[in-house]
Each structure stands twice: as structure tokens, then as C-alpha cells.
Amino acid sequence: MNASLSAQGPAVAQSQGFSLSKMFSRQRVVNFLKFLLPMAVLAAFFPQVALAAGAGADMLKPGDATVKATAGSGSTMYKWIILGEVVAGLVLYVLTHSFKFLFGFIILSIIGNVGMKVAGY
């Protein structure tokens, strides 16, 4: 039995050069087409969406006032969401006697308020 240590091949790893055949291998082209073809089909069926991305038009602008009236700051829905968070936090605190749940719901309420202000509601 030979117990000597020997390296098979070169002892230092040699870097491979840039190869176009590796870059455009059959598998990479197939993977790229799997990504690109569904996007092309969507762009063909929904040209308004494809063109709006380039033009920068806001397609949701007409419904902005409705959303502000329904779920904006000061609306009834928003008040019920805050009340639900407080009640859920209190119930979980009573069941588990863990301040983690109570403070977790307080932090979620703060994040929700900040998110609504950033979004302009």
C-alpha cells in the first residue's frame, strides 16, 4: 500500500479563461428562453401594461381617491384595524402572560401607521 500523499493533476488550480461557448451553452440559452418567453407572451396579451412600464403612466391613479376614502387615515376601516390589533394583543397577552405578544402588536401598529403615512394615506 502506498501511503504517500500526491496530488492528481496540477497542484495549483488554474483559472479558466473567458469562453463564449460556456457563456452561450445550450442549457443557459434554454434557461434564458424559459424566462423570456412567458414575459413576451404577457407583453403581447397585455400591451397596456408593457407600454405603461416604459412611459411611466400611473394606471391606478383614478382609484386613488376611492382607496383614500375607504382605507385612508381616519377612515372607519383603519380604526377597526387598529382596534383589532389592540384586542388581539391583549388577548394573546392574557393567554400567554408574555409581553412579547403585547409589544409585538404595538410595534405592528406603529409600522402600519408609518407605512400609511409613507404611502400618503
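Q: What should I know before I start reading?
A: This is a predicted model, where local features need pLDDT of at least 70, side-chain atom pairs count only at pLDDT 80 or more, and totals for chains, interfaces and linings use all residues. Residues are numbered from 1 along each chain as its sequence is written, and side-chain values use heavy atoms, with hydrogens and water left out.

Q: How many helices and strands does the protein have?
A: Helices (H or I, at least four residues) and strands (E, at least two) are DSSP runs, numbered from the N terminus. Here there are six helices and zero strands.

Q: Which residues of helix 6 are buried?
A: Buried means under 20% relative accessible area, exposed over 50%, and partly exposed in between (1.4 Å probe, protein chains only). In helix 6 the buried ones are Leu-102, Ser-109 and Met-116. Because they cover an arc of only 55° around the axis, they lie on the same side of helix 6; the arc is that of the directions from the helix axis to the C-beta atoms. Lys-100, Ile-111 and Val-118 are exposed on the other side.

Q: Is Glu-85 buried or exposed?
A: Glu-85, in helix 5 (residues 76-96), counts as buried because its relative accessibility is 19%. Contact means heavy atoms within 4.5 Å. Leaving aside neighbours within four places in sequence, Glu-85 is in contact with Phe-105, Leu-108 and Ser-109.
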